Every structure is written in C-alpha cells, then in structure tokens.
Amino acid sequence: MKTNLQPVVNDQKSGLASRYELYQGDLPDNLALGNVLAIDTEFMGLNVFRDRLCLLQIYDGAGKVHMVQFAPGVINAPNVKKLMADTSREKMFFYARGDMRWIGHYVGVIPENVYCLKIASRIARTYTQQHDLEDVSRHVLGVKISKEQQSTDWGAPVLTPAQLDYAANDVLHLHPMREKLAAMMQSEGREEIAQGLFKCLPAVVRADLAGWGSEDLFAYHVPRPT
Ligand code: MN
C-alpha cells in the first residue's frame with residue numbers, strides 16, 4: 001500500500017509567532033479548548049527521574065497553540081493538571097508513552113483517554129519501518145517538520161524564536177495526521193487493535209513510573225541478573 005506523496009511544504013521559515021501563546025508556570029484560568037487536544041512536551045533529557053519537564057504544548061486544532069514553560073523546581077500547575085485529568089477530552093500525542101511519563105511524574109496526573117500517533121502509524125503503515133514524527137509528517141501529510149532543534153537546551157530561562165516555532169510545529173499537524181492514519185487503519189480493519197493499545201497506555205506508564213520502564217512485562221523470557 002502506498003500513499004500519495006504531496007509537495008513538501010516548509011512552514012518553518014515563515015515564523016510561527018502568530019500561531020502560539022507562551023505562558024509561564026501554568027495555563028491561564030478558563031481557557032476555552034476543544035475536545036481533541038494535540039499535546040507535546042519538551043524536557044531536559046531522556047531520563048524522566050533525572051531530566052525535568054521544561055515545556056508543554058497544547059493545540060485543539062483551531063486557533064493558537066498554548067505553550068507553558070516551567071522553571072526549575074516543583075511544578076504546581078493546577079490548570080494544566082485539571083486539563084490532563086479531564087477524561088472527557090481526548091489527549092493525542094505523537095509518542096504518548098514518553099510525554100505521559102513526564103506529565104505523570106511532573107504534573108502529577110497520568111492522562112487517560114489518549115491517542116498515540118506513533119502506534120497508529122505502526123499499525124496503519126506496516127509497509128515501512130519509518131515512524132518518526134518527521135517521517136510520518138512527510139509521508140502521510142506532505143509536511144516537512146524540521147528536527148533541527150531536537151537537541152536544544154529546553155531548560156534555558158528564555159527560549160529562542162526558533163525553539164518556540166519548533167515546539168509549536170510539533171503539535172500543529174497532529175489533527176490532520178490522526179485523520180489520515182485513522183482512515184488507513186479503518187480501511188484495513190485495524191482500528192480496534194490500536195484503540196485497545198491506547199487503553200493500555202495509562203497502565204504501561206504507571207508501571208514505567210513505578211520502576212518497570214526498562215522491562216518488557218509482556219515478554220515470556222525474563223532477563224536474569226548475570
Ligand atoms: Mn516536541
């Protein structure tokens with residue numbers, strides 16, 4: 001199965017400042033958001049227990065991307081926490097297990113009612129091994145997402161326009177991506193498989209944060225200490 005490769009559009013150059021709002025420490029009170037939220041986070045490194053949460057981006061598919069920057073220290077963000085705990089809204093991530101670990105550990109709630117676009121891509125696009133955000137954006141949407149800022153210092157007290165553009169861009173394309181992947185899964189009768197996996201994600205993340213993150217608890221063979 002092949003998808004149509006559309007012309008590659010690079011909207012990085014235009015500057016995305018008009019597409020987002022940046023807040024410090026928490027979301028504002030009474031922010032009106034839709035029912036399907038695209039969410040991404042940026043953190044200091046890949047170890048959730050060592051590397052703090054620096055930025056959280058939320059986009060409901062219309063209007064602006066809402067981004068919250070967190071200073072070092074304990075995070076107390078009641079509005080973010082309330083939104084993450086709101087099971088009536090679907091929270092969509094590119095690699096949900098990663099973002100959910102950071103949100104669980106630092107915001108204090110493991111989101112439920114979640115959708116993982118990376119799992120959706122793996123279930124829908126079994127003709128390829130390329131399932132990074134960059135690959136899926138390019139091949140499924142025809143949108144080029146730059147990964148230039150991936151290894152950047154997200155803990156900086158003032159984030160650069162390039163960092164903020166990059167962060168906003170990571171959530172701006174997730175709604176149409178979900179539509180495409182869902183349609184592909186549906187036509188192959190695979191949606192139920194993906195939905196079942198999404199339902200397991202909060203349990204997987206709960207085990208990750210309790211110390212089982214590096215073990216495959218579904219595997220038959222149990223690694224023994226050598
Ligand atoms: Mn990101």
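This is a predicted model: local features need pLDDT of at least 70, side-chain atom pairs count only at pLDDT 80 or more; totals for chains, interfaces and linings use all residues.
**A walk through the sheet and its helices**

Residues are numbered from 1 along each chain as its sequence is written.

Asn30 is found in the loop between strand 1 and strand 2, and although Asn30 is not a glycine, it has a positive phi of about 55 degrees. Helices here are DSSP runs of H or I with at least four residues, strands are runs of E with at least two, and both are numbered from the N terminus. Asn113, in the loop between helix 2 and strand 6, is likewise not a glycine and has a positive phi, of about 60 degrees. Asn113 is partly exposed, with 18 other C-beta atoms within 10 Å.

Now to the sheet. How many strands does the open sheet have, and in what order do they come? There are 6 strands, in the order 1-4-3-2-5-6, with mixed pairing, where two strands pair if DSSP finds at least two bridges between them. The edge strands, each pairing on one side only, are strand 1 (20-24) and strand 6 (114-116). Strand 5, residues 90-93, runs parallel to strand 6 and is joined to it by 3 bridges, with Met92 standing opposite Tyr115 in strand 6.

Which helices pack against these strands? Helix 2, residues 96-107, lies across strand 2 (36-43), strand 3 (53-59), strand 5 and strand 6, and runs at about 75 degrees to strand 2. Helix 5, residues 161-172, packs on the sheet as well, touching strand 1, strand 2, strand 3 and strand 4 (65-69), and its direction makes about 45 degrees with that of strand 3. For these angles, axes are lines fitted to C-alpha atoms, for helices over the stretch in contact, and angles run from 0 to 180 degrees between N-to-C directions.

I will close with two helix pairs. The axes of helix 3 (residues 117-124) and helix 7 (residues 191-212) come within 10 Å and cross at roughly 150 degrees, and these two helices are therefore roughly antiparallel; angles under 35 degrees count as roughly parallel, over 145 as roughly antiparallel, 65 to 115 as roughly perpendicular and the rest as oblique. Their contact is made by Ile119, Ala120 and Ile123 of helix 3 and Ile193, Ala194 and Leu197 of helix 7, two residues being in contact if their C-beta atoms, placed from the backbone, lie within 7 Å.

Helix 4 (residues 133-141) and helix 6 (residues 174-187) pack at an angle of about 70 degrees, with their axes 10 Å apart, and are therefore roughly perpendicular to each other. In this second pair, Val136, Ser137, Val140 and Leu141 of helix 4 make the contact with Pro176, Met177, Lys180 and Leu181 of helix 6.

Note on methods
A residue is buried if 20 or more other C-beta atoms lie within 10 Å of its own, exposed if 12 or fewer, and partly exposed in between; C-beta atoms are placed from the backbone.
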